[in-house]
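The structure is shown first, and the description follows.

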Amino acid sequence: MHFQAEVGVLGHVDGSSQFVSQDTKIVCSVTGPIEPKARQELPTQLALEVIIRPAKGVATTREKLLEDKLRAVLTPIINRYCYPRQLCQITCQILESGEDESEFSQRELSCCINAAFLALVDAGIAMNSMCASIPIAIMKDSNEIIDNPSAEQLKTSPSVHTLALEFVDGGKVVKNVLLLDSNGDFNEDQLFNILELGEQKCQGLVKNLRKIIQDQISPRLVV
Amino acid sequence: MAKDIELSESESKFILEALRQNYRLDGRSFDQFRDVKIKFGKEYGDVSVEMGNTKVHCRISCQIAQPYEDRPFEGLFVISTEISPIAGSQFENRNITGEDEVLCSRIIEKSVRRSGALDVEGLCIVAGSKCWAVRADVHFLDCDGGFIDASCIAVMTGLMHFKKPDITVHGEQIIVHPVNEREPVPLGILHIPICVTFSFFNPQDTEENIKGATNSEISIIDATLKEELLRDGVLTVTLNKNREVVQVSKAGGLPMDALMLMKCCHKAYAIIEKITDQILQLLKDDSKERNKYAAMLTSENARES
């Protein structure tokens with residue numbers, strides 16, 4: 001997956017990132033750990049407030065669903081028991097969706113996951129593992145599986161998927177599948193192929209994500 | 001602007017004392033507006049504006065809707081200025097009841113929508129049944145003061161940059177031509193209102209604040225977040241290049257006399273003139289960049305102009 005990302009782009013939050021892949025552009029901010037409102041507080045662990053805001057119009061049920069998926073991906077990778085009775089606010093602003101918003105959300109979701117991961121690291125929140133996510137589409141006639149499909153490719157494909165994997169050991173070992181969200185017509189073999197190709201592509205992506213973090217912090221390190 | 005951030009006593013004393021001695025923290029003079037950086041996105045009507053550390057993104061979109069029953073010849077125009085926690089943790093998601101948030105959206109609304117900057121009659125397709133609904137979504141990304149000024153610039157630049165798809169009307173039936181089929185058409189902009197915000201500080205004690213006889217208040221243009229937190233009064237004037245005052249907003253705070261208001265308007269005019277020219281120049285450069293093959297593809301003869 002080809003992308004450009006930058007961390008620490010905003011000044012008034014604890015961590016932030018900008019993630020651009022093809023025509024999709026996301027800004028993500030992380031604030032935390034901060035004091036939660038009484039209703040958000042969890043006695044033993046960090047509470048997460050996940051917000052996704054669309055490029056055009058007001059947030060609808062579509063964004064709520066995206067928020068829910070993003071929360072499901074982030075919850076297991078954050079070391080939540082480090083911060084009991086605290087809150088972490090994760091806000092993603094979609095600047096350019098890069099797909100037809102009325103039909104698809106795959107590109108936006110995977111970019112949000114990657115952006116949120118970078119912003120969490122930038123904010124210095126304790127993490128258990130890394131994550132990387134890619135959108136996948138199966139092409140109509142050739143049955144070819146492509147990662148990071150464009151808006152046109154999404155439209156013509158019979159099934160579209162979002163895959164998020166959890167990595168440990170410096171991004172070398174896949175620990176778990178965090179999210180596999182599929183839409184359309186596909187069969188079991190195709191799904192296994194998606195997981196296989198997705199693993200390769202996510203591995204490449206996680207390497208690049210690590211590099212971005214490394215480039216960001218290495219000048220700050222005192223040797 | 002924000003309530004939850006609190007400046008320490010020593011920091012606020014320092015800033016105020018510096019102002020008394022004619023200094024600002026960022027080294028600007030009192031009447032200096034921050035440099036405005038405007039960038040266009042890939043699509044029409046996608047604009048980001050940076051003023052110092054303040055970042056605002058504006059996205060214009062349109063769709064076909066039904067006009068209001070009492071205004072059948074007018075299209076719809078909505079500006080949404082919702083502040084999210086991305087600008088700073090002091091802002092709450094979906095909380096538009098905060099005083100500053102309301103003030104900000106009201107002033108933008110007054111400056112752009114109610115001043116008739118956008119020709120809403122030009123958005124009418126079929127009277128009473130179909131019209132364009134234009135929407136401006138302002139995303140505040142980073143907050144370092146001057147939200148009103150920055151979002152006004154962003155909305156106006158966005159509206160001028162935006163192009164809606166071309167349509168053909170056959171009686172009640174309309175055909176919307178995709179952008180790659182027919183050249184999209186720009187919106188009708190009647191004038192370009194730009195906001196300039198003045199902040200006032202009272203160099204004397206609070207008694208002076210009430211009586212206000214000496215008029216020795218300090219006025220600065222385009223305050224940063226820290227200056228906004230400490231100010232005693234605020235005035236937002238909106239002007240356009242035709243030397244028209246679009247709106248003046250001064251909600252309480254330090255009293256000021258009419259001459260001061262005139263002086264502020266004159267100062268603001270110089271600023272808005274510069275910003276308007278900058279916007280127009282950038283739009284020209286952008287359209288040249290987008291249509292760089294137009295000169296090659298056109299069948300028009302070269303003419304002396």
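A salt bridge is here a side-chain nitrogen of Lys or Arg within 4 Å of a carboxyl oxygen of Asp or Glu. The model is predicted, and by this rule it holds 27 salt bridges over all chains.

One of these salt bridges lies between A:E63 and A:R62, whose closest N and O atoms are 2.9 Å apart. Both A:E63 and A:R62 are buried.

## A network in chain B

Salt bridges with shared partners also link several residues of chain B. The network consists of B:D26, B:R28, B:R34, B:D144 and B:D222.

Side chains of opposite charge can pair when their charged atoms come close. An instance is the salt bridge between B:K42 and A:D23, with an N to O distance of 2.7 Å. B:K42 belongs to the loop between strand 1 (36-40) and strand 2 (46-51) of chain B, and A:D23 to the loop between strand 2 (15-21) and strand 3 (24-34) of chain A, so this pair joins two chains. B:K42 is exposed, its relative accessible area being 56%, whereas A:D23, at 33%, is partly exposed.

A:R53 and B:E82 form another salt bridge through their side chains, at 3.4 Å from N to O. This pair likewise crosses between chains: A:R53 is in strand 4 (residues 47-53) of chain A, and B:E82 is in strand 4 (residues 76-82) of chain B. Because buried means under 20% relative accessible area, A:R53 at 9% is buried, and B:E82 at 18% also counts as buried.

## Architecture of chain B

Chain B contains 7 helices and 14 strands. The C-alpha trace of chain B spans about 70 × 50 × 35 Å along its principal axes. Of the contacts in chain B between residues at least 6 apart in sequence, 74% join residues at least 24 apart.

Chain B has 305 residues, 47% of which are buried. The accessible surface of chain B amounts to about 15600 Å², and carbon and sulfur atoms account for 50% of that surface.

Chain B carries 36 positive and 47 negative charges.

Notes:
Residues are numbered from 1 along each chain as its sequence is written. Chains are lettered from A and ligands numbered from 1 in the order in which they are written. This is a predicted model: local features need pLDDT of at least 70, side-chain atom pairs count only at pLDDT 80 or more; totals for chains, interfaces and linings use all residues. Side-chain values use heavy atoms; hydrogens and water are left out. Helices (H or I, at least four residues) and strands (E, at least two) are DSSP runs, numbered from the N terminus. Buried means under 20% relative accessible area, exposed over 50%, partly exposed in between (1.4 Å probe, protein chains only). Contact means heavy atoms within 4.5 Å. Accessible areas come from the Shrake-Rupley method with a 1.4 Å probe; for residues, only the protein chains shown count as cover. Lys and Arg count as positive and Asp and Glu as negative; His and the chain ends are not counted. The place of a charge is taken as NZ of Lys, CZ of Arg, CG of Asp or CD of Glu.
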